Amino acid sequence: MSREIDYGNLMHSAMRGLIRTVLQEVADHGLPGNHHFFITFDTNHPDAQLADWLRDRYPGEMTVVMQHWYDNLEVGEDGFGITLNFGDAPEPLYIPYDAIETFVDPSVEFGLRFETAEENDEDVDAAGQLDEDMPETEEASQKSTEGDVVSLDSFRK
């Protein structure tokens with residue numbers, strides 16, 4: 001029986017560790033400078049916690065924005081909790097790291113995308129970096145559940 005190193009899962013684990021480290025820094029010190037995050041996650045993940053009305057509105061995936069207003073950021077080993085504002089209504093969320101599909105900080109042109117076996121590998125290079133496609137803002141993603149993406153060029157100065 002041959003044994004192989006599962007580089008794909010090891011890389012995803014390392015990338016999720018990076019997200020955890022970044023979020024812990026934000027929890028400890030706040031968002032520095034112009035940094036902000038677009039985080040797309042699987043709303044059907046068994047450990048994801050969100051209001052029923054949000055799960056109904058986003059039955060597959062949802063993109064949230066951490067920028068001007070967020071509260072109660074608690075970073076754990078397996079995921080993070082945060083309260084975000086949806087139409088002037090604060091809603092608590094719990095997002096497991098393995099539910100995250102994309103993590104983007106457009107202020108520094110950084111993005112990670114987590115591919116599954118059935119997705120096309122051509123969009124991600126060996127380091128897991130995104131090509132030019134980035135998720136839309138929270139407001140834009142709320143208008144469409146089709147998973148629209150925009151070019152990173154729209155965020156460049």
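## Working through two open sheets

In strand 5, F86 has A89 as its bridge partner. Keep that pair in mind for the exercises below. This is a predicted model, where local features need pLDDT of at least 70, side-chain atom pairs count only at pLDDT 80 or more, and totals for chains, interfaces and linings use all residues. Residues are numbered from 1 along each chain as its sequence is written, and side-chain values use heavy atoms, with hydrogens and water left out.

**Exercise 1.** Work out the order of the three strands in their open sheet.

Step 1: strand 3 (residues 70-75) runs antiparallel to strand 4 (residues 79-86), with four bridges joining them. V75 sits opposite F80 in strand 4, and the two strands make a hairpin with three residues between them.

Step 2: strand 4 also pairs with strand 5, again in the antiparallel sense, over eight bridges.

Step 3: put together, the order is 3-4-5, with antiparallel pairing. Strand 3 and strand 5 are the edge strands, each pairing on one side only. On average, neighbouring strands here are turned by 15 degrees against each other, direction ignored (axes are lines fitted to C-alpha atoms, and angles run from 0 to 180 degrees between N-to-C directions).

**Exercise 2.** Find which strands stand at the edges of the four-stranded sheet, each with a single partner strand.

Solution. Step 1: four bridges tie strand 1 (residues 37-42) to strand 6, antiparallel, and F38 faces V104 in strand 6.

Step 1: strand 6 pairs with strand 7 over four bridges, also antiparallel, with D105 opposite F110 in strand 7. Four residues lie between these two strands in their hairpin, and E109 in the turn has a positive phi of about 55 degrees.

Step 2: the open sheet reads 2-1-6-7, with antiparallel pairing. Strand 2 (61-66) and strand 7 (110-113) are at the edges with a single partner strand each, so one side of each is left without a neighbour in the sheet. Neighbouring strands of this sheet are turned by 10 degrees on average, direction ignored.

**Exercise 3.** Locate D98 among the strands.

Note on methods:
Two strands pair if DSSP finds at least two bridges between them.
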